[in-house]
Amino acid sequence: MVNAQPDMIVAGEAADGHEAIQRFRELQPDVSVVDWNLPIVRGEEVLGTLNEEFPNARFVVITALNGDDCIRQALNLGARAFLHKDMLRRELLAAIRAVHQGEKYVPDKIANWIKKER
């Protein structure tokens with residue numbers, strides 16, 4: 001889906017969090033899409049590690065988990081967008097573009113989730 005866009009290219013992929021950190025260090029992409037529930041090194045550690053090294057890194061976090069704990073944690077760790085996996089087809093490209101432009105992107109469904117959990 002991303003590679004089909006004229007203004008985007010997938011620079012790299014990783015199978016787990018450890019590999020995601022290494023690939024980011026090598027490629028330093030404009031925007032990274034990170035699964036919150038990665039094996040070996042979880043998404044929160046990936047974001048924490050990379051934000052220390054690359055404070056201007058831009059992350060879109062995706063997850064299949066429900067609840068606001070991971071949403072809040074991801075945003076606090078520097079994620080600029082947060083999507084539930086059931087939103088990817090509708091929201092991913094818009095999220096990547098917004099984050100690339102320096103904006104935050106939190107769909108209404110996620111924002112409402114956070115409000116309900118307060």
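Me: Which side chains meet in a salt bridge at 2.4 Å, N to O?
Reply: Those of arginine 25 and glutamate 53. Keep in mind that this is a predicted model.

Me: Where do arginine 25 and glutamate 53 lie?
Reply: Arginine 25 is in helix H1, and glutamate 53 is in helix H2 (residues 43-53), so the pair ties together parts 28 residues apart in sequence.

Me: How are arginine 23 and glutamate 26 placed in the helix?
Reply: They are three residues apart in helix H1 (residues 17-27), so about one helical turn separates them. Glutamate 26 is exposed, at 54%. Arginine 23 is partly exposed, at 26%.

Me: What does glutamate 44 pair with?
Reply: Arginine 42, in a salt bridge of 3.5 Å, N to O. Glutamate 44 is partly exposed at 23%, and arginine 42 is partly exposed at 33%.

Me: New topic. Is aspartate 35 buried or exposed?
Reply: Buried, because its relative accessibility is 17% and the cut-off for buried is under 20%. Aspartate 35 sits in strand E1 (residues 32-35).

Me: What does the side chain of aspartate 35 make a polar contact with?
Reply: The side chain of lysine 85, at 2.7 Å. A polar atom of the aspartate 35 side chain also lies 2.9 Å from the backbone nitrogen of asparagine 37.

Methods
Residues numbered from 1 in each chain as written. Predicted model: local features only at pLDDT ≥ 70, side-chain atom pairs only at ≥ 80, totals over all residues. Heavy atoms only, no water. Helix = DSSP H or I, 4+ residues; strand = E, 2+ residues; numbered from the N terminus. Buried < 20%, exposed > 50% of the residue type's maximum accessible area, 1.4 Å probe, protein only. Polar contact = N/O pair within 3.5 Å; in protein donor to acceptor, adjacent residues only side chain to side chain. Salt bridge = Lys/Arg side-chain N within 4 Å of Asp/Glu carboxyl O.
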